[in-house]
Amino acid sequence: MDIKNNILETIGNTPLIKLNKIARQIPATVVAKVDYFNPGNSIKDRMAVKMIEVAEKEGKLKPGGTIIECTSGNTGMGLALAACVKGYKCIFTTTDKQSKEKVDILKAVGAEVIVCPTNVEPDDPRSYYSVARRLAKEIPNSFHCNQYDNLANRLAHYETTGPEIWKQTDGRITHLVCTAGTGGTVTGTAMFLKEKNPNIKVWAIDVYGSLLTKFFRTGEVDMNQVHPYISEGFGEDFVPENYDMSVIDHFEQVTDKDGAIMARRLAKDEGIFCGYSAGSCLQGLMQIAAVQPLKKDDLVVCIFHDHGSRYVAKIYNDQWMMERGFMDVKTCKDIINNRGAKQKMVTIEPTHTVAEAVELMRKYNIEHIPVINGSGPVGAISESGLFQKIFSNPDIKNATVATVMEPAFPIVDLNTPIEKLRTLINKDNGAVLSKDELGNYHIVTKYDVIQALGN
């Protein structure tokens with residue numbers, strides 16, 4: 001029988017999956033080491049358990065103790081799983097830019113989570129680094145993991161991630177691509193692989209707003225490079241001790257927007273529902289490959305750290321993407337402009353008869369007509385509404401529109417996104433109106449929205 005003694009025994013041996021669509025313009029074979037198959041849905045499970053094991057061995061973590069760590073969420077999850085099995089308590093500090101899902105998941109597995117401000121210096125008393133250090137001093141029998149400077153972090157990847165990749169590729173790997181955060185994954189994996197083959201190229205992917213890239217190129221810690229960024233799980237405003245820059249061949253920076261868009265493409269095109277850093281990792285590879293062409297016989301391994309469920313309210317949320325300018329959003333104005341100037345809006349006045357309204361619908365093959373008088377829209381006529389009324393009273397054809405009209409269609413701004421129109425147009429309200437710069441009204445129906453979404 002193959003029965004695991006506990007959840008920790010399921011960590012590691014995650015699959016390599018070939019990218020078939022997104023990377024098809026690259027001559028090389030590109031595969032992803034998809035580490036969201038770990039029980040905590042991220043690669044951080046590996047180093048979390050290793051840090052605890054080393055701390056136990058060194059006597060720094062004793063029975064009944066409290067694990068303290070500053071985390072963007074994934075390391076905390078790995079530590080919490082280990083704590084559940086081994087009987088420890090957990091207190092985690094995180095930043096307010098992390099997704100709510102990450103915080104809720106940590107609480108679900110029994111951790112206490114303290115949310116700290118993002119845009120403060122690392123040594124600021126309010127930073128999540130400083131709060132974790134302070135708690136470790138104040139709480140008896142506690143251990144601060146400090147994943148940034150704890151070399152058990154990179155040791156975990158030297159002992160597991162690197163050997164797995166070497167074995168899975170039968171030693172044919174030529175390039176390793178990995179986002180750079182604490183430095184544990186990229187350094188530990190690279191150290192093992194370069195011992196096996198010094199010719200393997202290691203490309204680290206960074207984000208704009210992080211100082212790691214400039215430090216790699218110049219050896220200078222330049223705080224002028226640091227500014228707020230939206231990407232999660234990688235990039236730093238200091239240089240963790242886990243780094244050994246000698247095993248890294250190149251640093252590439254990726255924008256918040258490009259990383260988010262690529263993550264969404266991975267989900268739609270490859271069926272790999274991964275996190276922000278995975279999108280950035282692949283985007284970084286694309287940027288490098290554009291100037292350093294890869295060969296047909298090359299085998300590129302990209303490390304995808306975590307699962308997309310951590311980012312449902314962020315990069316996988318259209319509204320969140322649109323608010324940050326990460327999506328090319330179609331608007332009400334786009335629909336109107338695409339129809340051209342020839343198609344004028346058909347309207348009717350309140351004093352006209354129902355029969356005249358029916359004839360307009362037949363003549364122009366439309367279902368909705370705004371009712372407009374000299375002051376603007378005052379009501380609406382719809383095919384479905386008229387059908388019910390005429391069916392129950394055939395003589396109503398001679399009545400005025402004013403006696404049977406429905407409420408006027410809502411008036412929206414020209415720049416209203418199509419996604420918003422979808423919520424305004426429903427079974428009770430078949431269209432919306434919008435006024436252009438010249439004061440002319442235009443109608444947008446559900447069929448207009450469907451057509452726009454299909455283009």
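Leaving aside neighbours within four places in sequence, L19 is in contact with V30, V31, A32, L266, E270, I272, L282 and F304; contact means heavy atoms within 4.5 Å. The model is predicted, so local features need pLDDT of at least 70 and side-chain atom pairs count only at pLDDT 80 or more, while totals for chains, interfaces and linings use all residues. Residues are numbered from 1 along each chain as its sequence is written, and side-chain values use heavy atoms, with hydrogens and water left out.

L19 belongs to the largest nonpolar core, which has 28 residues. A nonpolar core is a set of buried Ala, Val, Leu, Ile, Met, Phe, Trp, Tyr and Cys residues joined through side-chain atoms within 4.5 Å. Buried means under 20% relative accessible area, exposed means over 50%, and partly exposed lies in between (1.4 Å probe, protein chains only). The residues with the most contacts inside this core are L19, L282, L285, C302 and F304. At least two core residues come from each of β2 (29-34), β8 (201-207), α8 (256-270), α9 (276-291) and β10 (299-304). Here helices (H or I, at least four residues) and strands (E, at least two) are DSSP runs, numbered from the N terminus. Helix α9 gives the largest share, seven residues. A second, separate core has 27 residues, including I11, M47, L61 and L81.

The axes of α1 (residues 44-57) and α2 (residues 74-86) come within 8 Å and cross at roughly 50°. Axes are lines fitted to C-alpha atoms, for helices over the stretch in contact, and angles run from 0 to 180 degrees between N-to-C directions. The two helices are therefore oblique to each other: angles under 35 degrees count as roughly parallel, over 145 as roughly antiparallel, 65 to 115 as roughly perpendicular and the rest as oblique. Their crossing is right-handed. A crossing has this hand if the near helix is turned clockwise from the far one by less than a right angle, and is left-handed if anticlockwise. By class, the contact has eight nonpolar, three polar and four charged residues. Ala, Val, Leu, Ile, Met, Phe, Trp, Tyr, Cys and Pro count as nonpolar, Asp, Glu, Lys and Arg as charged, and the others, Gly among them, as polar.

V354, A357, V358 and M361 of α12 make the contact with E383, L386 and I390 of α13. Six of these residues are nonpolar, none is polar and one is charged.

E383 can also be set against V239: they are 144 residues apart in sequence and 67 Å apart in space, C-alpha to C-alpha. V239 lies in the loop between α7 (212-218) and β9 (250-254) and is partly exposed, at 24% relative accessibility.

In helix α4 (residues 128-138), the buried residues are Y128, Y129, S130, V131, A132 and L135. Their cover includes β3 (66-70), β4 (89-95), β5 (112-116) and β6.

The loop between β6 (142-144) and α5 (152-168) holds N146, which has a positive phi of about 50° although it is not a glycine.
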